[in-house]
Amino acid sequence: MEDLKWDEDRLYQLVQEKLGDYLFLVVSNREPYIHSMSGKEIICNRPVSGLTEALDPVMRASKGTWVAYGSGDADRTVVDSSNRVVVPLEKPEYTLRRVWLTDDEVAGFYLGFSNEGLWPLCHVAFVSPTYRETDWDTYKRVNRIFAEAVLQEVAGRKAMVLVQDYHFALLSRLIKEQRPDLTVGQFWHIPWPSHEIFRTCPWQEEILDGLLGNDLLGFHTQSYCHNLLATVEHTLKANVDHNRSTLTYRGKTTLVQPFPISVDFDRLSQEAGNEAVEREMESLRHEFDLAGKYVGVGMDRMDYTKGILERLQALDKFFENFPDYRGKVVFIQAGMPSRTQIDSYQKSNERIDNLASSINSKYGNESWKPLVMMTRQLTLVTLVALRRLANFCVVSSVHDGMNLVAKEYVSSRIDVDGVLILSQFAGAVDEMPDALLINPYAITEFANQIKKAVEMPEMERRRRMKTMRETVSNHNIYWWGASIVSNLISIARV
Ligand code: F6P
């Protein structure tokens, strides 16, 4: 897998040569293209989602079918009688099969068990999981609805199914019960916690049983794989082979492997050089009076796992401990609203807003505002321009499966400059030891690392950035896709 660099063409060839007459099917909750009404017109948008960003190129190469929840208000208008639409509309590459859910199902399945139960359970962010029986029942029902849709799409064919994420812990088992001949893999995009934490879940056995319906189970890092093996060992009467990283349960074996997800490095690098980006950089410099200042950025979904509050606390400490930098550093926080109906998200956002205002009133003056909060949906051009403008980018997750912002920042730095400050609790840290590492809870040390980023000599910045760019360029999204698809193909051919 390491020799030649992977790109879309090479992944396409792999899929064409090896997939043969197998249908390639991806399942996720979030759909890759959302159709909505804008006045009387239907517009098509891409969601803000690392998952869909990462899988779209893999799907374009495989020309298969993607099964996902249709969340857009014009989604039903554009599908055919089998709820399918070919995407992207301007250059059709693969089929999107939409699944419809009621508001109650979304509340219990997505907001409820997935995001108030499993999300805080798997992220050690000290937000307690909420385990509602009714949510769990809905979660089970929705997993069955998706299983039916997958089986319909496969019909009589041979297929490889790649299930995405924690929304579908039970899906693979349900598919395999009907079609044991299918090859089914699942990628879990969030961390897997220790056994001590996971066992708080009242339905731990059912969840593990569902996951062991997979032939292949992927996580971002080796340590999440170890946690899963240990959890199964403590919970089920399964045969755990730590050397081969396999679990044998109810007569079938599941291979557990790390696949660190990534980004389309070449596309991001290319986009970073666009004229529109240059113009946007100029306009941001002007709007926020950035000329001659050090610029830091943070860009996240507004989620309590991202450590945005801790980041602001560290900035507060930075301006307090190093007053010489007052007036010289501007930090721009871009934040895409997310899961705003959930109480823990509302509370976290409120605390962030309050702290941001207090920092600006404590240190700011008429000619300088230390913090710029851009907590809204931003265009791709603005996001790329922010990455290019930033002398340093802060990723301070208190826990994170991978964190693609770190890899996006590095990919956009075509000038091979800029400093990445990275949490040791983000999966990305395994591949990026050249970032400035932080413990987001250690606020004074975090503030010192911000100072170090601002003061880092150019030679050192370039050396570190060069190494990180090489890593992401080689371990790009096509490499990730090829690793998973190759594993699935080997399993299917046994
Ligand atoms: O990090 C886990 C994850 O599900 C990603 O895969 C996804 O991009 C992100 O959370 C956003 O999730 P949602 O679909 O809930 O907006």
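Predicted model: local features only at pLDDT ≥ 70, side-chain atom pairs only at ≥ 80, totals over all residues.
1. Domain 1 covers 8–262 + 477–493, while domain 2 runs over 265–473. On the contact itself, domain 1 puts in 25 residues and domain 2 puts in 24 residues.

2. How much area is buried between domain 1 and domain 2? About 2000 Å², with carbon and sulfur atoms giving 61% of that. On the domain 1 side, look at Val 48, Leu 111 and Trp 119: they supply 25% of the area that domain 1 buries against domain 2, more than any other three residues.

3. What about polar links across this interface? The rule finds zero salt bridges between domain 1 and domain 2, but eight residue pairs are in polar contact there. If you want to see which elements of domain 1 touch domain 2, α2 (50–62) and α4 (103–122) are the ones that give two or more residues. The largest share, seven residues, comes from α4.

4. Now the inside. The largest nonpolar core has 114 residues, and Phe 24, Ile 332, Phe 392, Leu 420, Leu 422 and Trp 480 touch the most other members. Helix α18 (residues 477–493) brings ten residues, the largest share of this core. Since domain 1 and domain 2 both give residues to this core, it lies between them.

5. Leaving out residues up to four places away in sequence, Phe 24 touches a set including Leu 19, Val 58, Met 59, Met 160, Leu 162, Val 485 and Leu 488. Apart from this core there is another one, of 63 residues, with Leu 25, Leu 118, Leu 236 and Val 256 among them.

6. On charges, the structure holds 44 salt bridges. One of them pairs Arg 98 with Asp 75, with the closest N and O atoms 3.0 Å apart. Arg 98 is in strand β6 (residues 94–99) and Asp 75 in helix α3 (residues 75–78), so this pair ties together parts that are 23 residues apart in sequence. Both Arg 98 and Asp 75 are buried.

7. Compare that with Arg 250 and Asp 209, whose side chains meet in a salt bridge (2.6 Å, N to O). Arg 250 sits in the loop between β11 (246–249) and β12 (252–258) and Asp 209 in helix α8 (residues 204–211), so the pair ties together parts 41 residues apart in sequence. Here Arg 250 counts as exposed because its relative accessible area is 53%, whereas Asp 209 is buried at 16%. Elsewhere, salt bridges that share partners join Glu 8, Arg 46, Asp 56 and Arg 60 into one network.

Technical notes
Residues numbered from 1 in each chain as written. Heavy atoms only, no water. Core = buried A, V, L, I, M, F, W, Y, C linked by side-chain atoms within 4.5 Å. Buried < 20%, exposed > 50% of the residue type's maximum accessible area, 1.4 Å probe, protein only. Helix = DSSP H or I, 4+ residues; strand = E, 2+ residues; numbered from the N terminus. Domains from an automatic or database assignment. Contact = heavy atoms within 4.5 Å. Buried area = accessible area lost by both parts, 1.4 Å probe. Salt bridge = Lys/Arg side-chain N within 4 Å of Asp/Glu carboxyl O. Polar contact = N/O pair within 3.5 Å; in protein donor to acceptor, adjacent residues only side chain to side chain.
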